[in-house]
Amino acid sequence: MSVSRSRAPFEAFFLSAGGGERFCVFYPASGAPLGSVLYLHPFAEEMNKSRRMAALQAREFAARGYNVLQIDLFGCGDSSGDFGDARWDVWNDDVALAADWLARHAEGPMHLWGLRLGALLALEHSRQASQSLAGLLLWQPVASGAQFLTQFLRLRLTSEMLSGAAAGKGTGALRAQLAAGRPLEIAGYELAPELAFAIERLDLASLAPQNVPARWFEVNAEGKPTPVLRRAAQAWSAAGVEVDLQAVRGEPFWSSVESSECPELVAATSDALALTPA
């Protein structure tokens, strides 16, 4: 990426919303706008690890003529609220709020861009959006909410093991605590039962959008689509959805210990957006 793009202008502001304010960053399009893109971030610490890649992609979109809006959902980042009070339906409301702002302040067709769990949030919004959408850009979408929740719960078990605490009974016992209405502290985040079980019900294969083309992007060492995402994409295609699955070589920047970049992903996503019809 060029120095000029790394210094691309942006505007940070707060949107008034239920429970306080939502922090947003807006990247204006360079030249005559071709459209707009709304970014939905991933879950918990994955959000922080992905900030650099999200900024790199947003600047590239802006350089190519697209207005970009990034929003910190309720209880996340610099927005109001505590993570422990976050709920899936509140996040859905935040997406609608951001999409409405973008529709009023930016010209051209709107695209939704989501990473990991944010990709599933984008999909849910696309099925109930009040405005028409030109396309979906999904980075490493979570295939199964139940499996994703299990992986998150395992962080608690790993932390207990490293601290020398007595071994628990596994993720089943943690799910039982949630089912009893007790929140869990996991990797510095308080997980509410309501949010946990809303996530658990999500399934990528069954969230096929309606009349909206989708571009999926997977990042792995081989640069080849994995079977789980390939099967989900095939399910969408069978349902009549225009879906394109691409894989690029790179590290999982949303979970890596050190900050990492994947320029191949930025280039592939930018090219795909340019090919998406208005």
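**Figure 1. Glu200 and its salt-bridge partner Arg175.** In this predicted model, Glu200 counts as partly exposed because its relative accessible area is 23%, and the cut-off for buried is under 20%. Its partner in a salt bridge is Arg175, and the closest N and O atoms of the two are 2.6 Å apart. Look for Arg175 in helix H6 (residues 171–179) and for Glu200 in helix H7 (residues 193–200); the pair links distant parts of the chain, 25 residues apart. Arg175 has a relative accessibility of 17%, so Arg175 counts as buried.

**Figure 2. A salt bridge between Glu46 and Arg116.** Here the closest N and O atoms are 3.3 Å apart. Glu46 sits in helix H2 (residues 45–63), while Arg116 belongs to the loop between strand E5 (110–115) and helix H4 (117–126), so this pair ties together parts that are 70 residues apart in sequence. Are these two residues buried or exposed? Both Glu46 and Arg116 are buried.

Figure 3. Arg52 counts as partly exposed, at 43% relative accessibility. Glu261 is also partly exposed, at 41%.

**Figure 4. Helix H9 and its buried residues.** Helix H9 covers residues 263–275, which makes 13 residues. From its first C-alpha to its last, H9 reaches 19 Å, close to the 18 Å expected at 1.5 Å a residue. Which residues of H9 are buried? They are Leu265, Val266, Ala268, Thr269, Ser270, Ala272 and Leu273.

**Figure 5. A patch of negative charge on the surface.** Which residues gather here? The patch is made up of Asp82, Asp85, Glu185 and Glu190. Asp85 is found in the loop between strand E4 (66–71) and helix H3 (88–105). With a relative accessibility of 44%, Asp85 counts as partly exposed.

**Figure 6. Val68 in strand E4.** Val68 has 0% relative accessibility and therefore counts as buried. Ala55 is 13 residues away from Val68 along the chain, and the C-alpha atoms of the two are separated by 10.0 Å.

**Figure 7. Two alanines with a positive phi, Ala44 and Ala187.** Most residues other than glycine have a negative phi. Ala44 is not a glycine, yet its phi is positive, at about 50°. Ala44 is placed in the loop between strand E3 (35–40) and H2, and at 7% relative accessibility Ala44 counts as buried. Ala187 likewise has a positive phi of about 50° without being a glycine. You will find Ala187 in the loop between strand E7 (184–186) and strand E8 (189–191). Is Ala187 buried or exposed? Ala187 has 52% relative accessibility, so Ala187 counts as exposed, the cut-off being over 50%.

How values were computed
Residues are numbered from 1 along each chain as its sequence is written. This is a predicted model: local features need pLDDT of at least 70, side-chain atom pairs count only at pLDDT 80 or more; totals for chains, interfaces and linings use all residues. Side-chain values use heavy atoms; hydrogens and water are left out. Patches are made of residues with over 30% relative accessible area and no salt bridge: like charges are joined within 9 Å, nonpolar side chains (Val, Leu, Ile, Met, Phe, Trp, Tyr) within 5 Å. Accessible areas come from the Shrake-Rupley method with a 1.4 Å probe; for residues, only the protein chains shown count as cover. A salt bridge is a side-chain nitrogen of Lys or Arg within 4 Å of a carboxyl oxygen of Asp or Glu. Lys and Arg count as positive and Asp and Glu as negative; His and the chain ends are not counted. The place of a charge is taken as NZ of Lys, CZ of Arg, CG of Asp or CD of Glu. Helices (H or I, at least four residues) and strands (E, at least two) are DSSP runs, numbered from the N terminus. Buried means under 20% relative accessible area, exposed over 50%, partly exposed in between (1.4 Å probe, protein chains only). The expected span of a helix is 1.5 Å times one less than its number of residues.
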